[in-house]
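Please read it alongside the coordinates.

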Amino acid sequence: MIVESGDLSPKLYVLDTNVILHDSSCIQNFKENDLAIPITVLEELDKFKKGNSEINFHAREFLRQLDDLTGDVLAETGAPLGEGLGSIRVVLGNDMDSRLRSAFLHDSPDHRILSAALLLQRRNPTARVVLVSKDSNLRLKAKSFSLPAQDYNTDKAESFDTLYTGRRMLTEMPGELIDRFYDNDGQVPLEMVPQAGDAIPNENFVLKNGSKSALATYRSAQQTLARVSKATAYGITPRNAEQAFALTALMDDDIKLVSLTGKPGSGKTILALAAALECRSRYRQILLSRPTVPLSNRDLGFLPGDVAAKLDPYMQPLFDNLSVIRQEAGDGDRANRIQEMLELQKLEITPLAYIRGRSLQRVFFIVDEAQNLTPHEIKTIITRSGEGTKIVFTGDIRQIDHPWLDSLSNGLTYLINRMKGQPIYAHITLEKSERSPLAELAADLL
């Protein structure tokens, strides 16, 4: 909900097009406040009706909802949204506000939406009119005309600093306790580690005492901390504690959903791919995908070539990681096996847009660059999973290419916030870049 706490005055929210394309069910999230849809928004939604991507789905879904709510005629006072909710109306176009004509050099859909909001502000002096937009530039323009403007933050995390990292450091642990992790099966009851008493399922711990240390993960079903060893997957060996935690979760059949975040070069994608190849016999197919966020927000149609040629630049990083694993695999049989899997489509690299509508049975599904997905897209992907499927999301939530998302509102952050604590979910934030000393330096300083 976007309403400020403690402010009980009636509000009229004016929605920008990008809010609807982000979440077609947004009109249910404004409680008792009224909503206004400028006619320009409907014109823009009309351009997005056709297609198979998420924004096309949201455009169609919202227009259907609005049509059902309004009946045969939409009165100027609007149509009720439901019990306990406000009403929704469409604002017809008028002449451009004189202040906008003098301030801006040209007409645009954004300026028309802003003009409609200013018109409502004049017509409704007792209500607080607020423009809601994912476009920070439009919000700034609105504020410059003394019109309150807000981001749509219903699915936004509260703080980047409090985001769950999936691991904790426990220092000054008794030496004999750490020794127990190396005895027998490496399982230590949680009650013996009071510092980890509030552990959540699949949370990881680095336990230290001077020169002694142990890595452990919390198994909620057994109420124990289990030692984590640095296992090797298809020739790839973890180089730090976070990578060891990640590989353990990736190869655990009881964990069906994994998210990995971290700076460039921290090993997110290559660990996920190596784990998938190591566990390949347990799955019908390994599927690799990533969202295609066009450069400069230009449509893929501007690129030369057929569909495969247009998409190759976006899929190339996945092929790059595959090449690294081939080199690390060592013997020729493993490298040949990867090529054979590609030819038989046991290992498939595909654009994320092609996933919608599929049912994924016994698939190890890796979604790279997931920080460029919306919360609704994350939900759509996960609901594709069938029996025996494992889904892995990787990304850097500090590197957002999507024009309407940020580090707190992207789908990967949303997933971490909502799923932490679930027994079939694990998350790890990879802190250190292992690509090269130069890459580590650039990630930290530039």
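1. Ala-216 stands opposite Arg-227 in E11. The two strands concerned are E10 (residues 212–219) and E11 (residues 224–227), which pair in the antiparallel sense over four bridges. Bear in mind throughout that this is a predicted model.

2. The sheet around that pair is open and has five strands. Their order is E7-E9-E10-E11-E8, with mixed pairing. E7 (167–170) and E8 (187–189) are the edge strands, each pairing on one side only. From one strand to the next the twist averages 30 degrees. Helix H8 (residues 241–250) lies across E7, E9 (204–209) and E10. H8 runs at about 30 degrees to E10.

3. Another open sheet has six strands, in the order E3-E4-E2-E1-E5-E6. Its pairing is mixed too. E3 (79–80) and E6 (149–150) stand at the edges with a single partner strand each, so one side of each lacks a neighbour in the sheet. E3 pairs with E4 (residues 87–91) in the antiparallel sense, over two bridges. Within that pairing, Ala-79 stands opposite Ile-88 in E4. Helix H5 (residues 109–123) packs on this sheet and touches E1 (11–15), E2 (34–38), E4 and E5 (128–132). The direction of H5 makes about 165 degrees with that of E5.

4. Which residues touch the most other members of the largest nonpolar core? They are Leu-277, Ile-325 and Leu-347, in a core of 41 residues. Helix H9 (residues 268–278) gives the most to this core, with eight residues. Leu-347 deserves a look. Neighbours within four places in sequence aside, Leu-347 is in contact with Leu-273, Leu-277, Ile-286, Leu-288, Leu-322, Ile-338, Met-341 and Leu-342. A second core is separate and has 40 residues, among them Leu-66, Met-96, Leu-119 and Val-132.

5. Salt bridges come next; the whole structure has 16. Arg-168 forms one with Asp-198, with 3.0 Å between the closest N and O atoms. Arg-168 lies in E7 and Asp-198 in the loop between E8 and E9, so the pair ties together parts that are 30 residues apart in sequence. Arg-168 is partly exposed, at 25% relative accessibility, whereas Asp-198 is exposed at 53%.

6. Is the pair Arg-219 and Asp-252 buried or exposed? Arg-219 is buried, with a relative accessible area of 18%. Asp-252 is buried as well, at 15%. Their side chains meet in a salt bridge (3.3 Å, N to O). Arg-219 belongs to E10 and Asp-252 to the loop between H8 and E12 (257–262), so this pair ties together parts that are 33 residues apart in sequence. Elsewhere, salt bridges with shared partners join Asp-97, Arg-99 and Arg-122 into one network.

7. One further pair is Asp-46 and Lys-49, whose side chains meet in a salt bridge at 2.8 Å, N to O. Asp-46 is partly exposed, at 43% relative accessibility. Lys-49 is also partly exposed, at 33%.

8. Last, the chain as a whole. The protein chain has 14 helices and 17 strands. Of its 446 residues, 48% are buried. Among contacts with a separation of 6 or more, 70% join residues 24 or more positions apart. The C-alpha atoms fill a box of roughly 75 × 55 × 45 Å along the principal axes. The chain exposes about 21500 Å², and carbon and sulfur atoms supply 49% of it.

Conventions: Residues numbered from 1 in each chain as written. Predicted model: local features only at pLDDT ≥ 70, side-chain atom pairs only at ≥ 80, totals over all residues. Heavy atoms only, no water. Pairing = 2+ DSSP bridges. Contact = heavy atoms within 4.5 Å. Axes fitted to C-alpha atoms, helices over the stretch in contact; angles between N-to-C directions. Core = buried A, V, L, I, M, F, W, Y, C linked by side-chain atoms within 4.5 Å. Buried < 20%, exposed > 50% of the residue type's maximum accessible area, 1.4 Å probe, protein only. Areas by Shrake-Rupley, 256 points an atom, 1.4 Å probe, with all protein chains shown as cover. Salt bridge = Lys/Arg side-chain N within 4 Å of Asp/Glu carboxyl O.
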